[in-house]
Structure formats: structure tokens, C-alpha cells
Amino acid sequence: MNKPNTGFATKEDSKDLQLGDLPENSIPLDQLRYVTTRFGDYEPNEMPQLPIGFLIPATDTEPERMTTSFTVRDSIDTGYYDKFLGQLEEQAGNNPSPTKIIATVSNFLAKAIDKIGDVPLKTLAQQRSSSEAKLFEDAWVADVTTMILGVRKQVAGVEIAIATKCPCERREDIRDNPEEGRPLHTLADLEIKAFQGITGSPLIEVVLPNGIKDSGDLIRHIYIEPLKLYQLGKLLDRKNSAPADIKLFYEMIAKIPESSTYGKIKGRPFCEDLYNQMGRKDRTALQNAIAKIQPGPQMSVGVDCYHCGTNFDFPLPWLRELRYLIYNSSEPIVTE
Ligand SMILES: [Zn+2]
């Protein structure tokens, strides 16, 4: 098979595979390259580049293209948006289901993001016959978290007042407050890992060391994609009791063209039958591949407890407390 070594599959390329045809323009796992930037290296008014990017459909005048830039609405720091997000979280309830968490994030971004590349959100939604919120449900988690950091920066800059409890036995309160000698933390040091040189929607080729024998087929090639936001919701769903690593197989395996049973399936082709037939080496190869193809920003800040010196990671609460992260986490909490 004459296959190019670099580049990525576009939706058009991979639509009409015949059985056994390997997708052209997929990228072999060992040729995947990353570039890492520091959030603080962007100018104060500049948004970070998206680690993967959005596919902008072809128009009469322009071909299909990828874009990795976005802009946030100018008025994003006003109470209007803060209230909108507060209402979304209120509607989702105190113990929101993963579906409601994902809906809160995507509905807020649909309001907060002005343009993807140079295309207004509304136009992009129309081009894709989608709603504005669905653009974000279908977006890569890596891009969603980067946009959230961008919104947070435009609202309140990169300084963050951490208020949490030390994970040590005494569970002491930690509250940044410069007036009391406890300086704020910063988001400037967060690293953002991006795919390098992407020209289409990424489809990554994993070659299994042994291969899966299935109904007379030998499956050696599995094609995987990074996680999308709605898939993260499915992973968080406790009603689905499969182990987390196996759930990732279901969500991230995009194509199995060598399988006569699963090769033509629209949607996710992986199933329990295939997992049951996979040998240990192949399972490990796939797990390693999945771990390798998750770009995106680091979503935690390192904290040193000022009581006991314990060092721990404070996860930025973008899934459950987005309003706190964007609108309330830049000022120290003042207690009487
Ligand atoms: Zn402590």
C-alpha cells in the first residue's frame, strides 16, 4: 500500500472506505509530533492556539481548512455572561449528571466564543447544520479546555487565588491572600501540548503487534482519534460500568477497516467481542497509543501548603465549577 507518511485524513478522504482499505493520510503513531507552549508566553490580549483545531467546511470561495484560532466576546467579563453561566449551573443542580455538565460547558462556550478562526460561530453552526452549542459538544476536549483558559484570561488574567484544603491529615484551609502575605498563584506556567502541522481532522494509525483474529479477518490496523467533549461525558457516566481504560477504547477507536463485521459501521466500531479476542500485547499497544494522543493544556496548578509544606496539584474545576473558575477565582476570598 502506497501511503504518505505525514498529513491527516479529512472527512472526505475517509468516507467511502472499501473493506480492507486503510485510510489514506492518517498519521502513523510514531510520526505524531507535538509542540508545547506555555500559557504565559502569549501576549496579554492574545488567545492561545488550539491544540488540534476546528475543521471549517468548504464554501463557494474557499476549500475545507483547519483553524486553530478563536476569539472571545469583548463583553465577556460583564454580569450578563456571569449570570448566564450561573443559571446554567443552577439548572444542572447540585449533583449534575455528566450530560448536564457537558451541556453547561458547551452552552456557555456557545455564548462566550465570538469566532472560530475568522468565522462567526453562527455561520459555522449553519455550515455544519449544527447548533452553536453542539459545535462545542463535538469539539476536542483539548480545544475546549484551551478555550476555557482563554475566556478565563480575558475575564481575569492569569493570576488565580486558590482556595482549597491541604490533602494532608489536618485538611487545613489554604487561601491565597497577598494582603496577608500569601501570594496568588498563576496560570502562566501551564503547558499546552498541541499537535504539530495538522492539516485535517486527526486520525492516528496504530499497528497492533500481533493483531486480532476475528471471523476470518486479521485486524492489524486500528485508527484512533483524541477525545471529544461529549465522549468525556460518556466516560464520566457511572451508569456505564466498564473499566475506564476499556471505555476509552470504545470512545477513541474510530475505524477498523480490516474487519468485515465492524469495518463499515458508522459511529464507533469497537465492541466487547473484539476486546475479548485481543491479546495482552495488543491491548497494551492500544492503551499506550491512547495515552499518547491526548494533547491539550495542563488543567492543574501546583500548590505548596503554607501550613505543612505538602506539595499537591490543584485541578482547575472546569467541569463542575466553571463559573467559579472564570468569574470568581481571581480575587482572594475575604473572611471576617
Ligand atoms: Zn498542609
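Below are my entries on domains, sheets and helix packing.

**Ground rules.** I am working from a predicted model, where local features need pLDDT of at least 70, side-chain atom pairs count only at pLDDT 80 or more, and totals for chains, interfaces and linings use all residues. Residues are numbered from 1 along each chain as its sequence is written.

**Domains.** I looked up the division first: domain 1 covers 12-31 + 203-292 and domain 2 covers 34-197 + 297-334. I note that such bounds come from an automatic or database domain assignment. Their C-alpha centres lie 29 Å apart.

**The S1-S13-S14-S15 sheet.** Next I followed four strands that form an open sheet in that order, with mixed pairing. Strands here are DSSP E runs of at least two residues and helices are H or I runs of at least four, numbered from the N terminus; two strands pair if DSSP finds at least two bridges between them. The edges are S1 (27-28) and S15 (253-255), each pairing on one side only. S1 runs parallel to S13 (residues 204-214), joined by two bridges, and I see Pro28 partnered with Glu205 in S13. Helix H9 (residues 280-292) packs on this sheet, touching S13 and S14 (217-224), and its direction makes about 160 degrees with that of S13. I take axes as lines fitted to C-alpha atoms, for helices over the stretch in contact, with angles from 0 to 180 degrees between N-to-C directions.

S13 and S14 are antiparallel over seven bridges, and Ile212 stands opposite Ile219 in S14. Their hairpin has two residues between the strands, and Ser215 there takes a positive phi near 40 degrees.

**The S5-S6-S7 sheet.** I then turned to an open sheet of three strands in that order, paired antiparallel. S5 (70-72) and S7 (119-120) are at the edges with a single partner strand each, so one side of each has no neighbour in the sheet. S6 (residues 113-116) joins S7 through two bridges, and Lys115 faces Pro120 in S7 as its opposite number. Helix H5 (residues 141-156) packs on the sheet against S5 and S6, its direction making about 40 degrees with that of S5.

**Around S12.** S2 (residues 34-38) and S12 (residues 191-195) run antiparallel, joined by five bridges, and I find Tyr34 opposite Phe195. S12 also pairs antiparallel with S16 (residues 296-297) over two bridges, where Lys193 has Gly296 as its bridge partner.

**H2 against H6.** Last, I checked which way these helices run. The axes of H2 (residues 98-112) and H6 (residues 229-236) come within 8 Å and cross at roughly 155 degrees. That makes H2 roughly antiparallel to H6, a label for angles over 145 degrees. Residues that meet include Ile101, Ile102 and Val105 in H2, and Leu229, Leu232 and Leu236 in H6.

Key:
Angles under 35 degrees count as roughly parallel, over 145 as roughly antiparallel, 65 to 115 as roughly perpendicular and the rest as oblique. Two residues are in contact if their C-beta atoms, placed from the backbone, lie within 7 Å.
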